[in-house]
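Please take me through this model in the viewer, one selection at a time. Give the cut-offs along the way.

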Amino acid sequence: MQPSALPDLAHTRTRPVHWLATATAMAAVVAAAGFLQPDNATASQAAPHTTTAPGTTGAVFPLQCDGAKPTVVKQAAGDLDGDDSPETVAVVRCPAGSGTPPSGIYVLTRAAAKSGPPRVVATLLDPALEQSVTDLAVQDGDVTATLLGYTDDAVPRCCPDVQEKAKWHWQGGKFLRSAQVEAQSM
């Protein structure tokens with residue numbers, strides 16, 4: 001038996017009309033896919049930790065200013081207690097016309113209620129110590145500050161004559177002040 005000759009099949013030859021029909025069909029498929037979108041995802045995840053530190057607006061500082069509003073003169077932020085939520089450290093003092101008013105250093109955290117003002121949770125430097133603060137920083141969970149003070153009551157309050165470096169660190173549920181560097185006369 002010899003192989004028979006194959007019949008001439010007209011549909012096996014391509015012509016431009018075939019390519020045009022194929023391109024049109026493909027364009028229709030792509031366009032239809034663009035209109036069909038999946039439904040929105042409904043899975044939920046736990047809310048991420050807040051990454052911004054609380055501001056000082058609305059905070060009630062434990063500072064008596066004889067009817068005047070305390071002034072925030074410096075602030076720094078960082079995670080002080082290792083909970084992945086930053087706190088704010090604020091240097092606050094009463095406004096003064098002259099002299100160097102004593103400062104307080106306070107730690108603020110977010111309000112318990114979402115819409116409430118920030119809360120003061122710790123006092124690092126009590127204004128009763130009659131010191132002022134020139135530098136404030138938060139780094140690696142530590143609060144550092146440069147404190148200015150007076151050797152005795154005879155020194156004018158405009159001109160502090162003692163400078164010391166202070167450092168606080170969160171440990172055991174409270175802020176501990178590191179061993180003080182010996183105060184230096186200025």
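Buried means under 20% relative accessible area, exposed over 50%, and partly exposed in between (1.4 Å probe, protein chains only). This is a predicted model: local features need pLDDT of at least 70, side-chain atom pairs count only at pLDDT 80 or more, and totals for chains, interfaces and linings use all residues. Residues are numbered from 1 along each chain as its sequence is written, and side-chain values use heavy atoms, with hydrogens and water left out.

Start with Cys159, which is partly exposed at a relative accessible area of 41%. Then select Cys158: its relative accessibility is 46%, so Cys158 also counts as partly exposed.

Next, select Cys65 and Cys94. A disulfide (a pair of cysteine sulfur atoms within 2.5 Å) joins them, with an S to S distance of 2.0 Å. The structure holds one disulfide. Its torsion about the S-S bond is about -85 degrees, so the disulfide of Cys65 and Cys94 is left-handed. Cys65 sits in the loop between helix 1 (16-35) and strand 1 (71-78), and Cys94 in the loop between strand 2 (87-93) and strand 3 (103-109), so the pair ties together parts 29 residues apart in sequence. Helices (H or I, at least four residues) and strands (E, at least two) are DSSP runs, numbered from the N terminus. Both Cys65 and Cys94 are buried.
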